[in-house]
Amino acid sequence: MPDNLPELRDIHIPQDISNFPLGYGWLVILVAILVIWSAYKLIRLIIAKSRKLYALRLLKNTAANNVPKAASTMSEILRRICVHKYPDALVLSGKDWIDFLNSKCKTKLDAKTAELLANAPYMPKNSTTYNVGDLAKLKSFCIKWVGENL
């Protein structure tokens with residue numbers, strides 16, 4: 001039997017494989033995830049800003065020639081915001097509705113303006129109980145409330 005031992009060579013262990021640099025495929029996936037996440041955040045921000053701007057535009061375009069109708073429209077806008085943000089507040093009316101609005105805003109409604117907001121949906125269209133000054137106070141409160149809650 002011939003001696004084959006001189007032909008054997010030492011076993012060489014391969015070098016360790018490094019985790020970095022990652023392959024191009026992983027980098028593409030990572031960049032795609034970052035782009036999708038950034039786009040999602042940007043779209044959420046745009047939607048939030050557009051809701052706020054839309055509500056403010058509705059409030060500013062409320063006509064001041066008919067005080068009960070304008071106050072009723074402002075109350076409706078506030079309730080529409082509550083549908084989105086505070087669903088539990090939809091069942092509130094009267095003093096509870098006013099207390100809820102005051103609790104969610106830094107500035108509070110004075111008594112006469114609060115009464116206008118609470119009674120506006122039930123007043124006749126030609127009522128002269130409230131004047132344009134009361135409506136202006138209500139409009140400024142609504143603008144501040146929308147600014148703080150949307």
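Q: How do H1 and H2 run relative to each other, roughly parallel or roughly antiparallel?
A: H1 and H2 are roughly antiparallel. This is a predicted model, and the axes of H1 (residues 24-60) and H2 cross at roughly 165°. Angles over 145 degrees count as roughly antiparallel, so the label follows.

Q: Within what distance do the two axes come?
A: The axes of H1 and H2 come within 10 Å.

Q: And the handedness of that crossing, left or right?
A: The crossing of H1 and H2 is right-handed.

Q: Which residues meet there?
A: From H1, Arg51, Tyr54, Ala55, Leu58 and Leu59. They meet Met74, Ile77, Arg80, Ile81 and His84 of H2.

Q: What is Thr62 in contact with, leaving aside neighbours within four places in sequence?
A: Ala70, Thr73, Met74 and Lys139. Met74 is also one of the H2 residues that meet H1.

Q: How far is Thr62 from His12?
A: Their C-alpha atoms are separated by 84 Å. Along the chain, Thr62 and His12 are 50 residues apart.

Q: Switching to aromatics. How many pairs are there?
A: The count is three aromatic pairs. In one of them, the ring centres of Tyr86 and Phe100 are 5.3 Å apart and the planes are at 80°, so that pair is edge-to-face.

Q: What does the Tyr86 and Phe100 pair tie together?
A: Parts that are 14 residues apart in sequence. Tyr86 is in the loop between helix H2 (67-85) and helix H3 (95-103), while Phe100 is in helix H3.

Q: Are those two buried or exposed?
A: Tyr86 counts as buried at 17% relative accessibility. Phe100 counts as buried too, at 12%.

Q: And Trp97 with Phe100, stacked or edge-to-face?
A: Stacked, because the planes of Trp97 and Phe100 are at 20°, with the ring centres 6.1 Å apart. Both residues lie in helix H3, three residues apart, about one turn of the helix.

Q: How accessible is Trp97, buried or exposed?
A: Trp97 counts as buried, at 1% relative accessibility.

Q: What sits over the ring of Trp97?
A: The charged end of Arg79 does, 3.9 Å from the ring centre.

Q: Which residues do the ring pairs link into a cluster?
A: Tyr86, Trp97, Phe100 and Trp145.

Note on methods. Residues numbered from 1 in each chain as written. Predicted model: local features only at pLDDT ≥ 70, side-chain atom pairs only at ≥ 80, totals over all residues. Heavy atoms only, no water. Phe/Tyr/Trp six-rings, centres within 6.5 Å; stacked < 30°, edge-to-face > 60°. Helix = DSSP H or I, 4+ residues; strand = E, 2+ residues; numbered from the N terminus. Buried < 20%, exposed > 50% of the residue type's maximum accessible area, 1.4 Å probe, protein only. Lys NZ or Arg CZ within 6 Å of the ring centre and 35° of its normal. Axes fitted to C-alpha atoms, helices over the stretch in contact; angles between N-to-C directions. Parallel < 35°, antiparallel > 145°, perpendicular 65-115°, else oblique. Left-handed = near helix turned anticlockwise from the far one by under 90°. Contact = heavy atoms within 4.5 Å.
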